[in-house]
Amino acid sequence: MSKPIEYQLILILRIISIFVIISWGACSAYAVKHRSYLPLSRYNIRGKERSVSLNLSTSQNEYNLKIVLYPDPVLRKKCDEVVHFDDNLKTLIRSMFKIMYESKGIGLAAPQVNISKRIIVWNALYEKQKEENERVFINPTIVEQSLIKTKLVEGCLSFPNIEGKVDRPSIVSISYYDLEGNKHLKILKGIHARIFQHEYDHLNGILFIDRFSQTEKHKVRAKLNEMIRIFKSNFEEEPAV
């Protein structure tokens, strides 16, 4: 006996819904896992003398930024809030996007370029490097987060060739300011919630390795020790592990 058409339709919709959920989860995992990294040679490019000041190239109207690598102390500092919403801030934001794209990243926080300010930029659609796909969050705050969590593999531009599984809330409610100083409230889900939380941690001196399980930490311990060794050989200051 054939089943009623209504029952068949409901069954088809359920199957499609399950397929969409599974596909979205797989795509999110792929996007985070396949974030590209910087080579360790970046340490040598920076040299032993470092400056926290910004070098503005007036001809190009941009800041000459470089990615800061673990265990640089700036990555462990809690960032200050942005006070002035001016052209200098816009230039800094544009420069952050530039170095992010050059480094093949999908997200970047200001301390990762040696700027201790509460600024986050990202473009989850890295392949489409257009302004309409770019997101800027200034002085952001997490207002609320879901109890439901998702564990996915993450990478970080400040940790070349290192990745690990991180458990994070699937949904977050946030407040932030835009480039003009206007306040916004927003709810982020899925991959967007994950990118935001990863970069938001940077603003508070928290690194994604801090959220690794003991098993995940053990997997990357040798690489972390090598990064610490390279830092000590290049800089006199103590590494912030």
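1. Let me start with the core. The largest nonpolar core has 38 residues, and Y70, M96, L108 and F159 have the most contacts inside it. A nonpolar core here is a set of buried Ala, Val, Leu, Ile, Met, Phe, Trp, Tyr and Cys residues joined through side-chain atoms within 4.5 Å; buried means under 20% relative accessible area with a 1.4 Å probe, protein chains only. Helix α3 gives the most to this core, with 8 residues. Another core lies apart from it and has 16 residues, among them I106, A109, Y176 and L188.

2. A word on the source: this is a predicted model, where local features need pLDDT of at least 70, side-chain atom pairs count only at pLDDT 80 or more, and totals for chains, interfaces and linings use all residues. Residues are numbered from 1 along each chain as its sequence is written, and side-chain values use heavy atoms, leaving out hydrogens and water.

3. Now the sheet. It is open and antiparallel, with 5 strands in the order β3-β4-β5-β8-β9. Strands are DSSP runs (E, at least two residues), numbered from the N terminus, and two of them pair if DSSP finds at least two bridges between them. β3 (107-109) and β9 (183-189) stand at the edges with a single partner strand each, so one side of each has no neighbour in the sheet.

4. Strand β8 (residues 171-177) runs antiparallel to β9 and is joined to it by 7 bridges. In this pair, V172 stands opposite L188 of β9.

5. Finally, the cysteines: C79 is buried at 6% relative accessible area, and C156 is buried at 1%.

Notes
Buried < 20%, exposed > 50% of the residue type's maximum accessible area, 1.4 Å probe, protein only. Helix = DSSP H or I, 4+ residues; strand = E, 2+ residues; numbered from the N terminus.
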